[in-house]
Amino acid sequence: MFVQATTSSRKNGKTYVSYLVRESFRTPKGPRSRTLCNITDLPPQTRDLIIASLKGQDFLPAEQVQLQEALDYGGLAVLNDAWLRFGLGGLFAEMGSPRQRGLLQAVIYSRLLFPCAKLSVAQKAEGTWLAQACGLKADESFDEDDIYLAMDQLNGHWVNLEKQLYQRAFPQAVRLVLYDLTSVYFEGAGPEHLARYGHSRDHRNDRPQILLAVATDTEGLPLHVSVLRGNRNDMQTLQGLLHTLRRRFGIQEATFVFDGGMSSQINLEAMDAAHLGYVTRLSAATLRSLVEELGLEEQLELGDRQKLMEITHEGKRYVIAGGQWRQQRDRERRQSRIDKAETELKRLAAIKRKKVDAQKLASQVGRSLQGLKAHKYFTYSVDAQGKLQWERKGELIEQEAQQDGWYLLHTNQAAQQCPNEQVLGHYKGLLDVEEAFCELKSYLEVRPIFHRRPDRVINHVRLCFLAYWLSARLGGEWRAKGETEEVPRVLRHLQTIRRGLLQMSPNVHRTVMTEVPKNMNEQLQKLGLVSLFATPPTRSA
């Protein structure tokens, strides 16, 4: 049976539509059809139900349809697609049980979507598609102890895993390596022989810490991560990295870019001996001493802050770079420090003391100026009556102002191999890596660390490294398509797309997906992700 709509016109110009329920049947002369009833006078909604029912569709009263579950889905769908495309599942094939591999995958996903302590993963995973995305049962407990045991499976497998990551990401040898250090602090004592007090990039000198040494390519894709003692000197880290990269990845010819903290004479000589190129930034004091040795004409040339200046001194090549923006930043930073220091000096001078101790007051002034990074700008004294006097070092401030905006780069590459602009470009790439460290520590929340066993601290960092690697690979693809927003931010925004399960009857279920918000459609099309949300995933996925 079927519903046939027929149109008829009258002499008065009106047109009428009739809806007839008809039935097909066979006769000796061929197929025929006959009208069973006329449903034209029924309400349109009722007619639509009859038409759909005759086409084989099932209907239930609205009160019998229940939404059994609704899970945050969008960001996990993108991560799952990337996980499969990059072949990351194969890297864990020999580690532990299938459930433990799924838990490791879940921890990596969670660092990008909702970074938290291992104890909180179960709570954060509620109402999300995390368990199903990682091949785990829908009622997965994400028990903290089970996650720790899964993390232990990385022991003994990391070197091979890192090699495979490198081979998949870099089919051809890397020619430019960017290297930098950052610190991550502990809540509590931290593991013995690893957590140490040292120079904190997080400004938490009251906490023991570890150092993370990360090497990346020019696009910020990480090659290697090392976990070092928190009191390790920056200059003592570079040669170990060179040895690891050459032995593990076979990097024999490359240019390394690193900051001034690693540019000791021993490190630079070691790189020359290994026939490796480098670009590094040297200290402001080195810049001042080099400028003092320049002729007047060359010093005047430095006034053009839009132009790079190359200098060869004692057989070494230097490039002086700078710009108006850096000049203004340096001027404002120095003035701010001086103003804060003078405010503090006035406060200390105004304090009325019952007992005068000139030496104690002088020490207090020194510590305050050191804390404000303004000690070099002032001379001060305290007389026997406890009167504090100070004066700005005008000549030093003037000399420093003349070099605002400049910084000194040093390289062992010849100008034919690496022109001035390329030297500057390499160093600016390192600044991008420093921003990537901020992403690594902020978005993935590597810090603070609560683990107590050294191997689990290291494995925690390794899982964050894998999450960062996955984010960097996606970021590279998306930047090529014109996307500028950070990958974790996009993924968390996509999580608002939800996957639901409708229960039509005790034995009938249907998977549905919420409508993609209009403001996301353009972004999904630009990133080529529309196909992931064209149809809802199956219930078992």
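Q: I am new to this structure. Which residues touch the most other members of the largest nonpolar core?

A: Nonpolar side chains tend to be buried together in soluble globular proteins. In this predicted model, the largest nonpolar core holds 102 residues, and Phe92, Phe142, Ile210 and Phe533 touch the most other members. Helix H16 (residues 454-480) supplies the largest share of this core, with 11 residues. Apart from it lies another core of 14 residues, including Leu178, Val257, Tyr407 and Cys418.

Q: How do I read a sheet? In what order do the strands of the open sheet with E1 come?

A: Strands of a sheet pair through backbone hydrogen bonds, and the pairing is either parallel or antiparallel. Here 3 strands make an open sheet in the order E1-E2-E3, with antiparallel pairing. Strand E1 (2-9) and strand E3 (30-38) are the edge strands, each pairing on one side only. From one strand to the next, the twist averages 45 degrees.

Q: How many bridges join E1 to strand E2?

A: E1 and strand E2 (residues 15-27) run antiparallel and are joined by 8 bridges. To find your place, look for valine 3, which stands opposite valine 21 in E2. Helix H1 (residues 44-54) packs on this sheet and touches E1 and E2, and its direction makes about 130 degrees with that of E1.

Q: Which ring does arginine 47 lie over?

A: Arginine 47 lies over the face of tyrosine 19, at 4.2 Å from the ring centre. Elsewhere, arginine 204 lies over the face of tyrosine 185, at 5.2 Å from the ring centre.

Q: Now for rings beside rings. How many aromatic pairs are there?

A: The count comes to 10 aromatic pairs. Take tryptophan 83 and tyrosine 109: their ring centres are 5.7 Å apart and their planes stand at 90 degrees, so the pair is edge-to-face. This pair links distant parts of the chain, with tryptophan 83 in helix H2 (residues 74-85) and tyrosine 109 in helix H3 (residues 98-113), 26 residues apart.

Q: Are tryptophan 83 and tyrosine 109 buried or exposed?

A: Relative accessibility is the number to look at. Tryptophan 83 counts as buried because its value is 7%, and tyrosine 109 counts as buried at 0%. In another pair, tyrosine 166 and phenylalanine 170 are tilted, with 5.3 Å centre to centre and 40 degrees between the planes. Tyrosine 166 and phenylalanine 170 are buried as well.

Q: What does leucine 113 touch, not counting residues up to four places away in sequence?

A: Leucine 113 is found in helix H3, and it counts as buried because its relative accessibility is 8%. Leucine 113 touches Gly75, Leu76, Leu79, Leu491, Arg492 and Gln495.

Q: Which way do the side chains of strand E8 point?

A: Side chains in a regular strand alternate between the two faces of the sheet. In strand E8 (residues 255-258), Thr255 and Val257 point one way while Phe256 and Phe258 point the other way, and all are buried. Strand E5 (residues 176-185) runs parallel to E8, joined by 3 bridges, and leucine 176 stands opposite threonine 255. E8 also pairs in the parallel sense with strand E9 (residues 277-282), over 4 bridges. There, valine 257 has valine 279 as its bridge partner.

Q: Why is strand E14 described as largely enclosed by the rest of the structure?

A: In strand E14 (residues 406-411), 6 of the 6 residues are buried, so the strand is largely enclosed by the rest of the structure. Trp406, Leu408 and His410 are buried on one side, and Tyr407, Leu409 and Thr411 on the other. E14 pairs with E9 in the antiparallel sense over 4 bridges, with valine 279 opposite threonine 411. Strand E11 (residues 316-322) is also antiparallel to E14, with 6 bridges joining them, and tyrosine 318 has histidine 410 as its bridge partner.

Methods: Residues are numbered from 1 along each chain as its sequence is written. This is a predicted model: local features need pLDDT of at least 70, side-chain atom pairs count only at pLDDT 80 or more; totals for chains, interfaces and linings use all residues. Side-chain values use heavy atoms; hydrogens and water are left out. A nonpolar core is a set of buried Ala, Val, Leu, Ile, Met, Phe, Trp, Tyr and Cys residues joined through side-chain atoms within 4.5 Å. Buried means under 20% relative accessible area, exposed over 50%, partly exposed in between (1.4 Å probe, protein chains only). Helices (H or I, at least four residues) and strands (E, at least two) are DSSP runs, numbered from the N terminus. Two strands pair if DSSP finds at least two bridges between them. Axes are lines fitted to C-alpha atoms, for helices over the stretch in contact, and angles run from 0 to 180 degrees between N-to-C directions. Contact means heavy atoms within 4.5 Å. Rings of Phe, Tyr and Trp (its six-membered ring) pair if their centres lie within 6.5 Å; planes under 30 degrees apart count as stacked, over 60 as edge-to-face and the rest as tilted. A charge sits over a ring if NZ of Lys or CZ of Arg is within 6 Å of the ring centre and within 35 degrees of the ring normal.
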